[in-house]
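Please look through the sequence and the structure shown here before reading on.

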Amino acid sequence: MPQTEKLDESPKGRLSRDVQRKIGQQLRAMYTDVVNEGVPDRFADLLRRLDEKNK
Amino acid sequence: MPAQDDMREAMLAAVPNLRAFAVSLCGDMDRANDLVQETLLRAWAHQDSFEPGTNMSAWLFTILRNHFRTEYRKRRREVEDADGGYAERLTSPEAQTGHVEFGELREALLHLPPDQREALILVGASGFSYEEAAHICDCAVGTIKSRVNRARKKLAEILTIEIGQETEVEHEILIRRAV
């Protein structure tokens, strides 16, 4: 689509891509932050209890 | 019973991602932990509905997502009210300083419609394909793609003020874009 390409060459288009990239990075960083907290004890305990109950 | 041990191990392994998904959806860690706990309890009680060989993580995400949506419908009025509150806070000094931090991003996420929010997180952070995200959200792949696009655009608009302060020129352009 020639119209879209033209729009993307404008400063506004470049800026918008920069903004999108930053937001994408922030979103993943925010997410990874929580993932890196691992498994809190309450969940390991919960699954252990459920497991023992079924056995 | 090895199958049950496998199930427990797989559920345990999914917890960190489930928590990250949950807190991105609801914006509150306590509530996110409750969502994950309820998800594990439901998954455990409905182990029979899991098809062996399919993606366990996607199955758990689906349960969490559906549970969140049910809860959300109950709280809808409260969430809709939040938009007005956010507009007020945008003009407060603390909202106008600094870069985009997680707190601001978290808050901005909450101002997306929930179907856009979940689509963006699943594809943009959890690392699911559009096809997997469509399966989790029970909709067409094209619908997920358009929700992700709209979510990205709206998030950029909401966060524009903070990012735009890097340079005056950028600020001006971004503000014009946002208006």
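Predicted model: local features only at pLDDT ≥ 70, side-chain atom pairs only at ≥ 80, totals over all residues.

Residues are numbered from 1 along each chain as its sequence is written, and chains are lettered from A and ligands numbered from 1 in the order in which they are written.

**Chain A**
- Chain A has three helices and zero strands, where helices (H or I, at least four residues) and strands (E, at least two) are DSSP runs numbered from the N terminus.
- Of the 55 residues in chain A, 18% are buried, a term for residues with 20 or more other C-beta atoms, placed from the backbone, within 10 Å of their own.

**Contact between chains A and B**
- In chain A, 28 residues are in contact with 31 residues of chain B, contact being a case where the C-beta atoms of two residues, placed from the backbone, lie within 7 Å.
- The largest share of the side of chain A that touches chain B comes from α2(A), with 17 residues.

**Helices α6 and α7 of chain B**
- Helix α6 (residues 114-124) and helix α7 (residues 130-137) of chain B pack at an angle of about 140°, with their axes 9 Å apart; axes are lines fitted to C-alpha atoms over the stretch in contact, and angles run from 0 to 180 degrees between N-to-C directions.
- B:E118, B:A119, B:L122 and B:V123 in α6(B) meet B:Y130, B:A133, B:I136 and B:C137 in α7(B).

Methods: Buried ≥ 20, exposed ≤ 12 C-beta atoms within 10 Å, placed from the backbone.
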